[in-house]
Amino acid sequence: MTTSSDGLFTEWCRIGRERDDADPLKAVTDAFFRPRPTLYFDGNSLGPLSRPARDAVRRTLKQWEELAVSGWSEGNPSWFERERWLSARLAPLVGARPSELSLGGSTTQQLHQLLATFYRPTGRRTVVLVDMGAFPTDRYAAESHVSWHGLDPASSLRTIGPDDAGFLDPDAICQAFTDDVAVALLPSVVYTTGERLPMRQITEAARDAGVFLIWDLCHSAGLVPHRLHDDGVEAAVFCTYKYLNGGPGSPAAVFVHDRHHPVTPGLWGWWGSDPAVQFQMAPEFVPAADASGLQLGTPSMLAMAPLEGSLDLFEQVGIEAVFRRSQELTAFLLEAFHALVEPYGMTLATPEHPERRGGHVGLRHPEALAISRALKQDGVTPDFRMPDIIRLCPAPFLTRSLDIVRALWRLRVILREERYRTHLTDDSPVW
Ligand SMILES: Cc1ncc(COP(=O)(O)O)c(C=O)c1O
């Protein structure tokens, strides 16, 4: 399919190799296992496994084998302290203070905890504002809290839609912070289009308007060097299985700015207790004063372990270098897209400006699902999002510019020869 005799392909491969020679993350790329098929473009759904992550899981298993319950006190670090220890290591990646971050459960659970804690509809202020294209779980969580308070979602759940170009307009968002909005829930990077929002501007506008703004950072944590504390972000949630390469179902993080400490959690659980009194097993709940007060039950040592190893690599290269590499890769992907793919009928769903895009590029086509299946058959792992977007994410630690050329060339051939047509009736599940 991709004949090396094709001059154009050869030329793009040469450019790709040239770019890869300057890859600042080269030293750590080899620490990652290459998933099969090897052209992996789904790091924004699930980051790849690294050797340090695998080794950390093995270490934890060994501790369980040798220490059993004593691991809670004798593990290294002790299992009792491990979540705090790991949160403290994660904190600099998002510009948080250690006391402002806590790990556990899923993004959805953390979101429920934040809404239970900070959504207190009073007087006119009853509305929860979400973006129309929000990841479904965000909207579900928001709507469930509106209903929980006995309010009607038809009037108290408000959405803000994209403009004609399909993007959220930051100014329109700021204007939507009216005096009846209690809480807003927004993504740092929109999961479909890859649009990145100017967080500081929106955070300030929300604060000025008296709106408690929660950021969903799932598509930017481990990619964008956030400054959550300094930017005055009130609260945020994010998963660790995408750019942070923490493994399938790894724990989610919750951030609460320390100006809200001591936090009085909306949902109570014994693991949110002040550690000094947790094992007194008293009937009164005394929450930890910091973000740990939002914990509920026992954190999973095994689910946390890969993150421990993955953070070794972030600490080695720094989040700024990761973001720079991602931006270089997405810029190159856009370049190659315009030259090789656009002429065959796909359009761009992502803003081109580097300040307005995250780590993935969205491409639109009415037959995107069939195209995505054809790509998979040809050794490329993209992902598809309803109704018509293929997301391509060059994982900053793993993907090379040469991989981009190879993947886009295959996409070009699929479109040019309309090879996706054989997948139009395929009804296998969409992941
Ligand atoms: C933007 C966004 N928010 C929330 C979630 C849901 O996360 P979880 O399954 O950890 O609750 C996802 C999952 O991909 C996501 O992309």
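1. The crossing of α12 and α14 is right-handed. This is a predicted model. The contact draws on L329, F332, L333, A336, F337, L340 and V341 from α12. From α14 come S401, I404, V405, L408, W409, L411, R412 and L415. By class, the residues of this contact split into 13 nonpolar, 1 polar and 1 charged.

2. Now the geometry. Two packed helices are described by the angle between their axes and the distance between the axes. Helix α12 spans residues 319–341, and helix α14 spans residues 401–416. Their axes come within 10 Å and cross at roughly 30 degrees. Angles under 35 degrees count as roughly parallel, and α12 and α14 are therefore roughly parallel to each other.

3. Helix α12 has 23 residues. From first C-alpha to last, α12 reaches 31 Å, close to the 33 Å expected at 1.5 Å a residue. Its buried residues are I319, V322, R325, S326, L329, T330, F332, L333, A336, F337, L340 and V341. An α-helix has 3.6 residues a turn, so residues three or four places apart point the same way.

4. What covers the buried residues of α12? The cover includes α14, along with α1 (7–21), α11 (301–317), β9 (347–348), β10 (361–364) and β13 (389–392).

5. Helix α6 runs over residues 107–118 and has 12 residues. It reaches 16 Å from its first C-alpha to its last, close to the 16 Å expected. T107, Q110, L111, H112, Q113, L114, L115 and T117 are buried in α6. These buried residues pack against helix α7 (136–148) and against β5 (181–187), β6 (212–216), β7 (235–238) and β8 (253–256).

Notes: Residues are numbered from 1 along each chain as its sequence is written. This is a predicted model: local features need pLDDT of at least 70, side-chain atom pairs count only at pLDDT 80 or more; totals for chains, interfaces and linings use all residues. Axes are lines fitted to C-alpha atoms, for helices over the stretch in contact, and angles run from 0 to 180 degrees between N-to-C directions. Helices (H or I, at least four residues) and strands (E, at least two) are DSSP runs, numbered from the N terminus. Angles under 35 degrees count as roughly parallel, over 145 as roughly antiparallel, 65 to 115 as roughly perpendicular and the rest as oblique. A crossing is left-handed if the near helix is turned anticlockwise from the far one by less than a right angle, and right-handed if clockwise. Two residues are in contact if their C-beta atoms, placed from the backbone, lie within 7 Å. Ala, Val, Leu, Ile, Met, Phe, Trp, Tyr, Cys and Pro count as nonpolar, Asp, Glu, Lys and Arg as charged, and the others, Gly among them, as polar. The expected span of a helix is 1.5 Å times one less than its number of residues. A residue is buried if 20 or more other C-beta atoms lie within 10 Å of its own, exposed if 12 or fewer, and partly exposed in between; C-beta atoms are placed from the backbone.
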